[in-house]
Amino acid sequence: METLNSIECFVRSAEAGSFAEAARRLGLTPAAVGKNVAKLETGLGVRLFQRSTRSLKLTEAGERFLAEVSGGLATIQGAVANLASAGGQPAGNLKVSMGLMFGREYIVPLLADFLARYPAIVPDWHFDNRQVDLIGEGFDIGIGGGFELPQGVIARQIGPGHRVLLAAPGYFDDRPRPQVPADLAQHDGILLRSPQTGRVRNWVLLNEAGDQAPIDLRPRALMSDPEAACHAARMGLGITLVSTVHAVHFIERGELQRVLPDWHVQTDPLCIYFSAQKLLPAKTRVFIDHVVQAFREQGLAERFSAQGPACGGRG
């Protein structure tokens with residue numbers, strides 16, 4: 001186990017580019033990480049890093065060793081975790097990243113049944129709209145849409161990636177309702193900044209016939225949270241574009257309605273992201289299966305479809 005810990009310190013240091021950042025991710029001190037890597041180098045008889053006061057770079061031998069052990073490390077850790085499960089049952093902390101509103105509305109309600117089935121698992125859930133570094137930050141699972149797939153991470157789709165235009169019913173009391181996408185230029189927009197880039201992305205609308213059209217709204221307000229944008233739209237301040245995951249509750253309650261319901265934005269699907277290791281820890285595997293089953297039983301993929309009735313679609 002001591003050698004395994006040293007290898008993990010080496011892999012995390014290589015990923016992070018520093019002992020300090022690797023220590024933060026592992027919950028150790030930088031000195032402990034450096035000592036473990038030094039032990040590994042002594043045992044192997046090769047230098048794995050070129051160290052300086054400003055940088056930590058892999059040697060040629062270190063690059064070869066990293067390529068050979070990084071995938072195997074995850075497999076071994078999974079095997080150890082499964083072997084250590086309580087009484088043969090899945091056990092351990094389950095670190096999951098998910099969006100704030102999405103997690104609160106769709107994942108937290110699954111918690112009681114999940115814990116009743118797997119009492120030895122301790123959920124460690126992080127609610128954040130940003131994309132996390134799944135492996136580098138030590139997450140077992142990430143749930144969301146539009147995640148980049150770095151090496152060693154795979155995805156399992158659980159729903160479509162659709163965005164729709166919304167406005168309060170009263171917004172059109174003294175304004176003409178848009179009939180075609182070009183009409184949007186005459187309306188105020190509550191625009192969303194990307195949590196990754198801070199920029200407002202130029203989305204393209206799509207209809208059932210495959211026609212495309214840009215979204216050209218007059219910026220009235222800029223926000224970084226889609227639920228906040230929905231609340232602003234509910235106040236009649238303008239038209240907003242959000243994912244159907246956020247839109248469906250406001251539509252069902254009659255607080256917001258679709259604008260141009262024949263049109264929507266197609267984005268990356270809603271997925272569960274996890275490490276692509278051959279032997280997935282039991283705690284991770286059962287949680288993925290639990291979420292997939294719940295989404296299937298509740299018909300959430302259909303509910304999140306822009307063409308479905310829950311989102312005010314006409315298809």
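## Nonpolar core

The largest nonpolar core holds 47 residues, of which Tyr106, Ile107, Ile141, Ile143, Ile272, Phe287 and Phe295 touch the most other members. Helix α9 (residues 282-298) gives the most to this core, with seven residues. At least three residues come from each of domain 2 (92-160 + 269-304) and domain 3 (162-266). A nonpolar core is here a set of buried Ala, Val, Leu, Ile, Met, Phe, Trp, Tyr and Cys residues joined through side-chain atoms within 4.5 Å, and domain bounds come from an automatic or database domain assignment. In soluble globular proteins, nonpolar side chains tend to be buried together.

Phe287 touches Leu94, Val96, Ile107, Phe114, Trp125, Ile141 and Ile143, when residues up to four places away in sequence are not counted. Contact means heavy atoms within 4.5 Å.

## Basis of the model

This is a predicted model, in which local features need pLDDT of at least 70 and side-chain atom pairs count only at pLDDT 80 or more, whereas totals for chains, interfaces and linings use all residues. Residues are numbered from 1 along each chain as its sequence is written, and side-chain values use heavy atoms, with hydrogens and water left out.

Buried denotes under 20% relative accessible area, exposed over 50%, and partly exposed in between (1.4 Å probe, protein chains only). Helices (H or I, at least four residues) and strands (E, at least two) are DSSP runs, numbered from the N terminus.

Strand β8 (residues 188-192) is mostly covered, as five of its five residues are buried. Asp188, Ile190 and Leu192 point one way from the strand, while Gly189 and Leu191 point the other way.

Strand β8 runs parallel to β11 (residues 218-223), to which five bridges join it; Leu192 has Met223 as its bridge partner there. Two bridges join β8 to β12 (residues 239-243), also in parallel, and in β12 the partner of Ile190 is Thr240. Two strands pair if DSSP finds at least two bridges between them.

Helix α8 (residues 244-252) is mostly covered, with eight of its nine residues buried. These are Thr244, Val245, His246, Ala247, Val248, His249, Phe250 and Ile251. Gly254, whose phi is positive, near 80°, follows the helix.

Arg303 lies in helix α10 (residues 300-303). Leaving out residues up to four places away in sequence, Arg303 touches Tyr106, Val248, His249, Glu252, Ala310 and Cys311. Arg303 and Val259 are 44 residues apart in sequence and 18 Å apart in space, C-alpha to C-alpha.

## Loop residues

Leu260 has a positive phi of about 50° although it is not a glycine. Its place is in the loop between β13 (257-259) and β14 (263-266), and Leu260 is buried, with a relative accessible area of 5%.

Thr267 is found in the loop between β14 and β15 (270-275). At 19% relative accessibility, Thr267 counts as buried. Its contacts, leaving aside neighbours within four places in sequence, are Gly161, His162, Arg163 and Trp203.

## Cysteines

The structure holds zero disulfides, a disulfide being a pair of cysteine sulfur atoms within 2.5 Å. Cys271 is in no disulfide, and the nearest cysteine sulfur, that of Cys311, is 17 Å away. Cys271 is buried at 7% relative accessible area, and Cys9 is buried at 2%.
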